[in-house]
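I wanted to look up aromatic rings first, then a few other spots.

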Amino acid sequence: MPRNETHDKEVEQYRGLLETPTEFKDGFGWSTVIGIFFCGLVMMPGAIYLGLMTGSNLGQASSWVTVILFMEIARRALKPLSKQNLVVLLHAAHIMMVGTAIFPGGPLSQLVYRSYLVTSEAVRDAGMQGAFPKWFAPPPDSAAILERNLFHHDWWLPCAVIFAMLVVGFIKRYTLGYVFFRLTSDVEKLPFPLAPIKAQGAMALAESDDKPAEDDATGAVKDKPKSSRWRVFSLGAYLGIAFGVFQVGIPAITGLFLAKPVFLIPQPFIDTTTLTESFFPATPTGIVLDAGVLILGFVLPFWAVMGTGIAILLTIVMNPVLHHFGILHTWQPGMDTVNTTFSNNLDFWLSFNIGAGFGIAFVCIRATWRDIRQKKKEMANKRDEAKENWWKPPENGRGDYPLWIAVALYCVAATGVVVIGSILIPFSYNIVFFLIFFSFLYTPFLSY
């Protein structure tokens, strides 16, 4: 079979994982509001602690745990959640856990990280004490840092800046994101491999809340048969629990009575760069033992996984060659994985990735232009009475709104970024130009 046919077949397979809904129902209610408060007050502190302890972002797991626990609470309160409630609650939990920043737990964990950063050994060794502006974090000698008091008035300005950027980011997420959703989903009809997985996970949870059915013949009550979604979801949950016991459970328990916790699975990775430097100089070979990454490989498209594997093999081959010709000149024997990666990025890979990004952008824009032209031709071939505006959203209660409103609100939010940046950073025309370029051109381009 030609490769283009193979690729089209795989695309159609991902498009057919989930049937396109014909109608939409409102999933926001008081149950969802209570679930959001439950997520913020109970689950978020645990996500912050586990994220800081393991060095990885556990927000995805935290959002699912939030939904499962609250679903069980709602069931015992005789208020089972609908599929729509579960999807909205899952999205809200995801935003609270991982959607605000790279730190699990959102803005609260940022404050914890900043208070650690201003007094860290790296900052002291670099002579940067007091170099951070007050809108970023209080100075190291402030009572807010020394007493670890996030309610101190020195934190008011950093909290105000974070809150303002959260509002701006919220507007940008649901305006620019909506525009690109309409383009990629409704117009281009691109497949999103991971989106059906999350949706079917929420459906599997909803199926577990289905009430027993009554037999038409005998009148006896019997349980509804569970679908394959529920069985697969349960299997994945058991595997995740088993892996979590070794990854987080044992270190947490042994840390209660030992001076140093016992890590059966090294965190965040196994550093083997110093062991392989004689065979692969200037090549980071750290190994991440994460079952989630392995399972993800079974979900992603085949050629995406193959492309990643080929890229890793090429990097292992190219790094020693680049080092031999003096391009990766910063690397020195004895460097660990982190320092090797950092030095290689400065010498070569940062500029290479920028060029690769431009190449990918060119391919994406060309494919988008081709798809739009093809759809215009298809509509032109229709009879006049069958023609329709393909930018018009479907009339099925999905909650769409005019695109011009989304573009206008995004421009307002982008202007807010420029204004806030111009106030916090010493005024410079170069800075203002960068903020305008970043907000109005680079961010939409990179988002697409």
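I began with the rule for ring pairs: rings of Phe, Tyr and Trp (its six-membered ring) pair if their centres lie within 6.5 Å, and planes under 30 degrees apart count as stacked, over 60 as edge-to-face and the rest as tilted. I noted that this is a predicted model, where local features need pLDDT of at least 70, side-chain atom pairs need 80 or more, and totals for chains, interfaces and linings use all residues. Residues are numbered from 1 along each chain as its sequence is written, and side-chain values use heavy atoms, without hydrogens and water.

**Rings.** I found that ring pairs link F433, F434, F437, F438 and Y442 into a cluster. My search of the whole structure gave 12 aromatic pairs. One of them is F170 with Y174, tilted, at 4.8 Å centre to centre and 55° between the planes. F170 and Y174 are four residues apart in helix 8 (residues 156-187), so about one helical turn separates them. Helices here are DSSP runs (H or I, at least four residues), numbered from the N terminus.

**Cover.** I checked F170 and found it exposed, at 54% relative accessible area. Buried means under 20%, exposed over 50%, and partly exposed in between (1.4 Å probe, protein chains only). Y174 is partly exposed at 32%.

**Helix 16.** I looked up S439 in helix 16 (residues 429-447). Is S439 buried or exposed? S439 is buried, with a relative accessible area of 1%. Leaving out residues up to four places away in sequence, S439 touches Y410, A414, V417, V418 and P444. Contact means heavy atoms within 4.5 Å.

Definitions and conventions:
Helices (H or I, at least four residues) and strands (E, at least two) are DSSP runs, numbered from the N terminus.
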